[in-house]
Amino acid sequence: MKTSISICIPTYQRPKFLKEALDSVLEQTLQPVEIVIGDDSHDDLTENLVLDIMKECKIPIIYRRHSPSLGQAGNINFLYETAKGNKIVLLHDDDLLMPNSLEDLNSCWDLHPDLVAAYGNQYFISEEGIINMELSSRLNQMYFRTRERAGLQKSSVEAALLHQFPNDGFMMLASAAKSIKWRSHKEVGNGGEFDFSLRISLKYSKFFFLNEHTAKCRLTSDSMSKSSNDDSAFQTFYIILNTDFSDELSWAKDYELRREAPYAIIQLINFGKKKQALDIYFSKYYPLSKRLSLRGIRRLLKALLPSSIGRFI
């Protein structure tokens with residue numbers, strides 16, 4: 001079957017960044033068959049931008065402005081269902097593809113025709129688009145995107161569990177994305193990205209890590225991770241905790257729970273879920289060395305003291 005790639009872009013109130021994202025798609029050495037945009041914006045700035053681009057664009061753009069907004073999960077599910085290509089690439093509206101991304105990722109299927117997903121390294125960039133090389137190297141190492149891990153992954157579940165599988169910029173069989181879909185915010189809060197990747201990995205194998213930079217991930221001042229409404233860490237913590245993994249992956253489960261624990265504790269405190277925060281604080285996933293650190297003691301005090309006092313600690 002001839003390859004046909006749909007670029008799926010969910011967007012919300014960021015026309016400037018969306019323009020850059022679209023430019024990165026239009027500059028691809030391998031062109032997609034379509035660009036599908038789901039717009040949750042409250043104003044018409046993004047709509048006007050897209051309509052202007054459509055006048056000159058040689059690639060079909062399917063655009064839908066949602067009123068009322070669908071939310072992240074609903075918007076992405078709309079994109080997956082609308083996409084007509086046999087492969088999809090999810091691209092956040094503030095991120096960018098490298099010029100060879102589609103060609104390089106698609107070539108992974110030449111090596112393994114039965115692949116389900118392929119992805120590469122990410123550059124991490126500022127709001128202005130400047131690459132932070134030190135941070136990029138550190139985060140790719142943290143997410144096990146290293147030379148030693150390149151190629152077909154021995155376990156797709158391990159790749160998802162360790163966050164090697166990225167939040168966007170991946171190429172995936174459209175049939176797989178359509179079959180899994182995102183769960184709603186009511187079900188998994190802001191943990192939807194991790195939840196989707198884990199459920200994909202539990203149903204499908206054959207993930208390929210390409211040891212090349214294929215995307216640029218923008219770190220913005222309004223990133224979800226900096227929001228007081230962010231519950232992604234503790235949602236991810238509980239998703240991992242309540243999922244059964246094989247004995248071979250017990251180390252990866254423990255590794256990720258220890259990594260998520262400090263952030264989960266803070267988020268639970270922010271949401272007033274202090275009992276759950278203390279449960280994690282005194283669990284094996286938050287070891288004694290961290291509890292006795294200055295930061296650990298501050299977290300304990302925040303969990304024990306009334307919120308009116310704890311916020312000053």
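This briefing describes selected helices, strands and single residues of one structure. The model is predicted, so local features need pLDDT of at least 70 and side-chain atom pairs count only at pLDDT 80 or more, while totals for chains, interfaces and linings use all residues. Residues are numbered from 1 along each chain as its sequence is written, and side-chain values use heavy atoms, with hydrogens and water left out. Helices (H or I, at least four residues) and strands (E, at least two) are DSSP runs, numbered from the N terminus.

**Helix H1**

- Helix H1 comprises 12 residues (15–26), which at 1.5 Å a residue should span 16 Å, in agreement with the 16 Å between its end C-alpha atoms; the expected span is 1.5 Å times one less than the number of residues.
- Phe17, Leu18, Ala21, Leu22, Ser24 and Val25 are the buried residues of H1, where buried means under 20% relative accessible area, exposed over 50% and partly exposed in between (1.4 Å probe, protein chains only).
- These residues cover an arc of only 155° around the axis, which puts them on the same side of H1; the arc is that of the directions from the helix axis to the C-beta atoms.
- An α-helix has 3.6 residues a turn, so residues three or four places apart point the same way.
- The cover over the buried residues of H1 includes strands E1 (5–11), E2 (34–39), E5 (96–97) and E9 (207–218), together with helix H2 (45–56); contact means heavy atoms within 4.5 Å.

- Six of the six residues of E2 are buried.
- Glu34, Val36 and Gly38 point one way from E2, whereas Ile35, Ile37 and Asp39 point the other way.
- E2 pairs with E1 in the parallel sense over six bridges, and Pro10 stands opposite Gly38; two strands pair if DSSP finds at least two bridges between them.
- E2 also runs parallel to strand E3 (residues 61–65), joined by five bridges, with Ile37 opposite Tyr63.
- E1, H1 and E2 form a right-handed β-α-β unit, as do E2, H2 and E3; right-handed means that, with the strands pointing away from the viewer, the path from the first strand over the helix to the second runs clockwise.

**Two single residues**

- Pro113, in the loop between helix H4 (101–111) and strand E6 (117–125), is exposed at a relative accessible area of 67%.
- Pro113 and Phe170 are 57 residues apart in sequence, and their C-alpha atoms are 16 Å apart in space.
- Gln235 belongs to helix H10 (residues 232–241) and counts as buried at 17% relative accessibility.
- Leaving aside residues up to four places away in sequence, Gln235 touches Val188, Gly189, Asn190 and Gly191.
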